[in-house]
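Please open the structure in a viewer and prepare to select residues by number.

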Amino acid sequence: MRIISLSLNGFRNYESFRCEFDPGVNLILGQNAQGKTNLLEAICYLSRGSAFRTRKEAELIRFGAEFAELSAAVESYQREQILRTVMFSGRRPRQLFLSGVKKSSREELDGVLNTVLFCPEDLLVLKKGAAERRKLLDDALCQLRPKYARALEEYKRLLAQKSAALRERIDRPEMLELIPDYNERMAQTGAILITTRAKYLSQLEQRAALHHEAFSGGLEKLSLKYQTVSTVTDPKAPALEVYQQLRDHQNSHYRAEIESMQCLSGPHKDDFEAALNGLPMKAFASQGQTRTAAISLKLAERDLFEADSGELPVLLLDDVLSELDPGRQDFVLNQIRRGQVFITCCEEDKLSEIGKTIRIENGAIQA
Ligand code: ATP
Ligand code: MG
């Protein structure tokens, strides 16, 4: 997979931008606040239909502009296609096009352009809270499995509705009558989330362990374990089995949920534990080990995309290299030699030897 060219109009600090890219490494250089990350954000938006720094479309539109238009020529599966999105400043919904044909839903664009994004916050994902680790799995799976993306959206909607019903039960006791129906549907979709994530995590573990082992000179063994609702004995079991165990958990927590007015049962608090040579990383890993394992996870994510879809996804590295020591930088650069990569960076250094360098200043390419 690769991006041949990108055009932006009124996106973030870009008034009007057009650039052709190298099929290999593209180095995006510039001072702070010039628009380097904005460029990666535009690519991400075209690929996934959402931005990684904001949920609000209005923030993506250039200050004072009526609309933003993003378009990219993309090659995947030996086919060239044009992804195009127009978003508007008012209430008018965004428009999506594939090679000039208007699409009514985001899902119709799935798989045209897959991206793996790596930013400095991801370096600490194994030390942070469970939400970040769930997001790592969800972001990858939403791109890989459309059925998963639908289940996740449905689960989040049900969770919000059930939580509202529990919160409002004092003023509106009739809301509690809705709980059995929410529970049934949350157990069904929850079982899809758990089994899909757990299977994906074990594939991720295999690949990430190889990268981490190479990284650590064969000294450290990385392992990943999915953690979910206590009644689920094997998260990789058939979804029907997990569904039944989720129902059991809901039933035994029915009273507690009503008393606490909170949704206590389901995979919305799930997590995974990373360990090195059996020691949980959250408690014991050093800074360097945490970073190394995080890089291994991202490289593994890229491997799995390739194994699954037959094409290497486009890799987006936002400011990551400057956060790494020279040894780790070299390792990453050696591992990413295949496929298309976008790297943002403030300083010019040895990186400028490879691929194409694009200098950005105040939302424009520097001549
Ligand atoms: P750094 O090296 O600090 O990470 P960067 O080059 O990655 O910098 P970006 O995050 O891409 O910088 O761009 C930030 C700039 O874009 C900011 O100056 C911000 O004010 C501007 N910006 C963000 N959103 C908009 C918008 N909707 N309209 C106009 N400008 C915007
Ligand atoms: Mg930036």
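The tour below visits the cavities in turn.

The model is predicted, so to speak of its local features requires pLDDT of at least 70, side-chain atom pairs count only at pLDDT 80 or more, and totals for chains, interfaces and linings use all residues. Residues are numbered from 1 along each chain as its sequence is written, chains are lettered from A and ligands numbered from 1 in the order in which they are written, and side-chain values use heavy atoms, with hydrogens and water left out.

Rolling a probe the size of a water molecule over the atoms shows where empty space is left. A cavity is a set of points, on a 1 Å grid over the protein atoms alone, where a 1.4 Å probe fits but cannot get out; its lining residues have an atom within 4 Å of a point. Grid points are joined across faces, edges and corners, and the volume is the space filled by probe spheres set on the points. The structure holds 2 cavities of 30 Å³ or more.

**First stop**

Select Phe118, Ile295, Lys298, Leu299, Leu315, Leu317 and Val332, which line the largest cavity. Its volume is about 40 Å³. Next, colour helix 9 (287-309) and strand 12 (314-318), each of which supplies at least two lining residues; helix 9 gives the most, with 3 residues.

**Second stop**

Now select Tyr45, Leu46, Gly49, Leu83, Arg84, Thr85, Leu96, Arg106 and Leu109, around the second largest cavity. Strand 5 contributes the largest share of its lining, 3 residues.

Terms used: On a 1 Å grid over the protein atoms alone, a cavity is a set of points where a 1.4 Å probe fits but cannot get out, and a pocket is an open set with protein on both sides within 12 Å along at least five of seven lines; lining residues have an atom within 4 Å of a point. Helices (H or I, at least four residues) and strands (E, at least two) are DSSP runs, numbered from the N terminus.
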